[in-house]
Amino acid sequence: MVNTNNLTVVSGKAPAIVDPLTGSTNPNTAQILNVTGKGEVTVPTTLTEVQLGIQVDGKTATEVQQETAQRSTAVVDVLQKLGAQQLQTTSIQLNPVYSYKDNTQTLTGFTGLNTLQFELPTARAGAAIDTAIQAGANLIQNISFTASDKALQQARLQVLSEAVKDAQAQAGAVFNTLKLTPGKIIDININSADNPSPSPLVFNATANAPRIATTPIIGSPQTIKGSVSLDIGYSPNSVATHNLTGASKPTFAIVDPLTGRTNPNTAQILKVTGKGEVTVPTTLTEVQLGIQVDGKTATEVQEKTAQRSTAVVDVLQKLGAQQLQTTSIQLNPVYNDTQTLTGFTELNTLQFELPTARAGAAIDTAIQAGANLIQNISFTASDKALQQARLQVLSEAVKDAQAQAGAVFNTLKLIPGKIIDININSADNPSPSRLVFNVADKAFATGTRTPLIGGTQTIEGSVSLDIAYSPNSADTLDLALNGLQRSA
């Protein structure tokens with residue numbers, strides 16, 4: 001019975017690369033483990049980029065152009081006084097408007113749209129938007145969040161450091177399981193850790209009247225990712241080489257099964273991929289809550305939404321909600337079947353994270369404060385638990401590969417040799433486990449506390465091994481004769 005657990009043995013000495021065919025030291029032939037480590041760093045955003053539009057409709061091009069210019073000048077003036085940075089015009093449009101009846105196209109007027117873009121610290125962005133709308137802006141075309149250049153550069157370097165540590169941890173898990181002695185790092189490849197694009201906020205708003213209350217805007221963080229690939233040499237303990245082959249001699253040579261002759265130029269290799277899977281209990285809950293308000297006028301709807309959003313943010317901050325951020329702000333007109341304007345509806349969405357044991361009570365408290373939609377709930381394990389599971393997955397994958405190899409070698413009566421090559425395949429963290437949940441505030445009128453029980457997350461990974469082997473010398477003659485008889 002071949003013991004695949006003794007494929008390699010740890011040695012405390014500095015490793016030498018051993019030729020898997022002859023057992024002799026060969027500096028030009030490397031036994032290599034290939035591993036890619038990944039790093040991820042989340043950076044708080046401090047700046048908000050805004051695109052505001054000034055849209056005007058009218059009978060003549062002159063009328064539209066004049067009003068658009070006046071309102072644009074007023075908006076620029078207030079933004080400059082507020083200290084807006086990177087202020088620029090990004091679009092100027094003037095287009096005719098036509099109606100169609102009885103296959104006849106009739107000019108009915110013109111529409112003009114000027115777009116301005118600027119940047120401000122996030123803490124001042126909400127008030128700046130409101131002031132700009134009071135001055136004449138009536139479209140919010142885009143809002144996105146970004147960290148400072150300095151913070152992003154520091155994060156990029158930290159990502160690479162985290163990626164190297166991750167690669168080392170993965171390699172350690174495999175080497176320990178296989179009882180291999182790690183050697184020098186032969187090759188290093190730094191993969192890109194580029195700055196991410198600004199984190200966008202879904203924002204589709206029409207503002208035909210001044211905003212009375214200021215909607216709270218909380219910037220979402222930016223995530224920087226990167227990876228580093230390492231090729232690491234390794235060797236088994238030379239003293240225990242005889243355990244690798246199952247023979248009494250310290251080394252073995254590859255034997256041609258047809259002729260029985262030693263052929264150092266032909267490697268006999270088994271390729272096998274083992275898989276591992278680990279289930280981790282979740283401990284954190286990520287929640288998206290909505291504040292939706294309907295009303296007759298945009299001003300009425302915006303004011304109520306802003307007030308309720310502010311109240312919800314306050315209670316969530318008091319409850320210690322983590323990763324609290326604004327993910328969506330929408331203000332849209334409502335029409336009936338005859339396309340008659342009947343009112344406006346606004347929806348603000350907030351996202352936060354809490355330990356699952358506290359999430360249910362936080363949701364209830366937020367709803368009492370003004371939230372009336374639960375748009376998403378998902379569960380995740382802690383970063384530490386997921387990382388430990390990823391390393392455990394690789395160890396399980398190695399054991400699975402060893403078991404598969406052992407079954408094949410035993411059936412074929414082959415002698416396993418050294419592991420020539422190791423490839424660690426990805427064992428990425430899974431996406432959060434989502435809960436289907438969509439409820440209005442009336443369901444919580446009784447004040448009953450909502451129970452939340454987190455599920456589990458499953459981490460999967462695989463490891464591929466190339467294992468040299470040779471036939472049992474006692475069986476070589478039979479193999480050769482059988483081969484000759486078949487060829488005859």
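Is T305 buried or exposed? The legends below take up this residue after an overview of the chain.

**View 1. Overview of the predicted protein chain, with 8 helices and 16 strands.** Helices (H or I, at least four residues) and strands (E, at least two) are DSSP runs, numbered from the N terminus. The model is predicted, so local features need pLDDT of at least 70 and side-chain atom pairs count only at pLDDT 80 or more, while totals for chains, interfaces and linings use all residues. Residues are numbered from 1 along each chain as its sequence is written, and side-chain values use heavy atoms, with hydrogens and water left out. Of the 488 residues in the protein chain, 44% are buried; buried means under 20% relative accessible area, exposed over 50%, and partly exposed in between (1.4 Å probe, protein chains only). Among contacts (heavy atoms within 4.5 Å) with a separation of 6 or more, 86% join residues 24 or more positions apart.

View 2. T305 is buried, because its relative accessible area is 0%. The residue touches I291, V293, E346 and N348, not counting residues up to four places away in sequence. T305 and N348 are separated by 43 residues in sequence, yet their C-alpha atoms are 7.3 Å apart in space.

**View 3. Packing of helix α5 (residues 298-318) against helix α6 (residues 356-369).** The two helices pack at an angle of about 150 degrees, with their axes 8 Å apart. Axes are lines fitted to C-alpha atoms, for helices over the stretch in contact, and angles run from 0 to 180 degrees between N-to-C directions. Therefore α5 and α6 are roughly antiparallel to each other (angles over 145 degrees). Their crossing is right-handed, meaning that the near helix is turned clockwise from the far one by less than a right angle. From α5, R308, A311, V312, V315 and L316 meet A362, T365, A366 and A369 of α6. By class, this contact has 7 nonpolar, 1 polar and 1 charged residues; Ala, Val, Leu, Ile, Met, Phe, Trp, Tyr, Cys and Pro count as nonpolar, Asp, Glu, Lys and Arg as charged, and the others, Gly among them, as polar.

**View 4. Packing of α3 against α7.** Here the angle is about 35 degrees and the axes are 9 Å apart. The crossing of α3 and α7 is right-handed. Residues of α3 in the contact include D166, A169, A173 and V174, and those of α7 include R390, L391, L394 and V398. The contact of α3 with α7 divides into 7 nonpolar, 5 polar and 3 charged residues.

**View 5. The largest nonpolar core, with 29 residues.** A nonpolar core is a set of buried Ala, Val, Leu, Ile, Met, Phe, Trp, Tyr and Cys residues joined through side-chain atoms within 4.5 Å. L33, V174, I422 and L465 have the most contacts inside the largest core. Elements that each supply at least two residues of this core include β1 (32-43), α3 (149-178), α7 (383-412) and β16 (456-471). L33 touches A171, V174, F175, L230 and I422, among others. A second, separate core of 22 residues includes L350, F352, I374 and I377.

**View 6. Positive phi at Q86 and K413.** Q86, in strand β3 (residues 85-101), has a positive phi of about 55 degrees although it is not a glycine. Q86 counts as exposed because its relative accessibility is 55%. K413 lies in the loop between α7 and β14, and its phi is also positive, near 55 degrees. At 55% relative accessibility, K413 counts as exposed.

Technical notes. Parallel < 35°, antiparallel > 145°, perpendicular 65-115°, else oblique.
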